[in-house]
Amino acid sequence: GLTMLSLSWQLVSLALFLCLSSFCDGFSALQNVGVIGTAKGGSKVCYSQKTPLLRSAGLLGGRSKFYLRGERGALGCKALQDSEQGEQCLVPPDLDQAIAGCSGAVVESMLSGRRGMLIDVLVPELDPSSRGYEPETMRLFCSKVLAQLGGVSLGNLRVYFQGLEETGAAGLYLRDSNVTSALVSEGRLKVESLLNGALPDADDSAVILVAPANTKEDKVTREVRRIISEAEGKAIVIINHRLDAPDPDGKPMGTLPLEFDRLEPAYYVEALSLAARPSDGRVLTDDEAPPPPMRIAVTRKFPGLWGVFAFEEADQRYSLLRSQKTKPTRGAIMEACKHLVTGGGGKGL
């Protein structure tokens, strides 16, 4: 849960730094911390993890600094209503809502004439490098996106998965899924491996790359660039790429294709946490223990604005802190959270 950090921003700002990392637990793992559980019949239900509000301005003695990190859980228990945030991309309460929002954003992007689209739903279930990766969830996610694309595309769809084994399993799933079986039987959906060198052909109207990633074993930036080049004039959708993901030492595994600069972020959801730790690196005593991290979310759904949200513990929902036309930088995210750190205006936090 979130708490209000009532520290002087003047003291804290000298020690601010950001550290973004990937998720390491999944939505299902949230059952362990009591944020989202599963009721009988498989439906998701929301729970509350109560923590006391912090009211001591000198709790950390001015010796801590704040940083952003990848959140270890879901984005929230309760989404805001559309009427409250207008065109803002709301924080989805679960993965099902994220899939629905993503599918709608892709269709709207295509109908608006966009030809290149990025989709980033940054949860472990959809990250092949995560311990929480769920191949079945990724295939379900892709099937919904492909079905939407098939409904607005006149030609064929060509979808690329990375590994050969993964590609084979995905092909069988898409063939048997009632969401995409018609596309397969009509010959409109072709499943390829990113590693086999296959390129789009003239009959393809849309090309989809699923979780392309540079790894120690495979460097695929060149293959991605070749596919994008051959897909000129076709719709291109990149789902959850990790081409510039860091290695264990924090260095990027590879580089982003220059062509990515022309792609539209059609749908983006990422959860972060704003945490505190001593600026001198020492271990805090029990009396100096930092408060629980604040839960932050960054979202965007085409054609709306980017938004930075903070979770309100009292209301069990996310509240919009900032909206803007471009993706917020690390500095912009911290600036949006500034009033939470100083204790001004953070209702219920």
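Which residues point one way from S4, and which the other way? In this predicted model, Gly116, Leu118 and Asp120 point one way from S4, while Met117, Ile119 and Val121 point the other way, and all of them are buried. That arrangement can be read against a general rule, namely that in a regular strand the side chains alternate between the two faces of the sheet. Strand S4, which spans residues 116-121, is accordingly described as mostly covered, with six of its six residues buried.

The pairing of this strand comes next. S4 is joined by four bridges to strand S8 (residues 235-239), and the two run parallel; within S8, Val237 is the bridge partner of Met117.

From the strands we can turn to a helix. H4 covers residues 135-152, and its 18 residues reach 26 Å from the first C-alpha to the last, which is close to the 26 Å expected at 1.5 Å a residue. Buried residues in H4 include Met138, Phe141, Cys142, Val145, Leu146 and Leu149, and also Arg139. As background, an α-helix has 3.6 residues a turn, so residues three or four places apart point the same way.

The elements that give two or more residues to the lining are helix H4 and helix H5 (164-176), and the largest share, three residues, comes from H4. Sorted by class, the lining of the second largest pocket has 13 nonpolar, five polar and six charged residues.

Terms used:
Residues numbered from 1 in each chain as written. Predicted model: local features only at pLDDT ≥ 70, side-chain atom pairs only at ≥ 80, totals over all residues. Heavy atoms only, no water. Nonpolar A, V, L, I, M, F, W, Y, C, P; charged D, E, K, R; others polar. Expected span 1.5 Å × (residues − 1). Buried < 20%, exposed > 50% of the residue type's maximum accessible area, 1.4 Å probe, protein only. Pairing = 2+ DSSP bridges.
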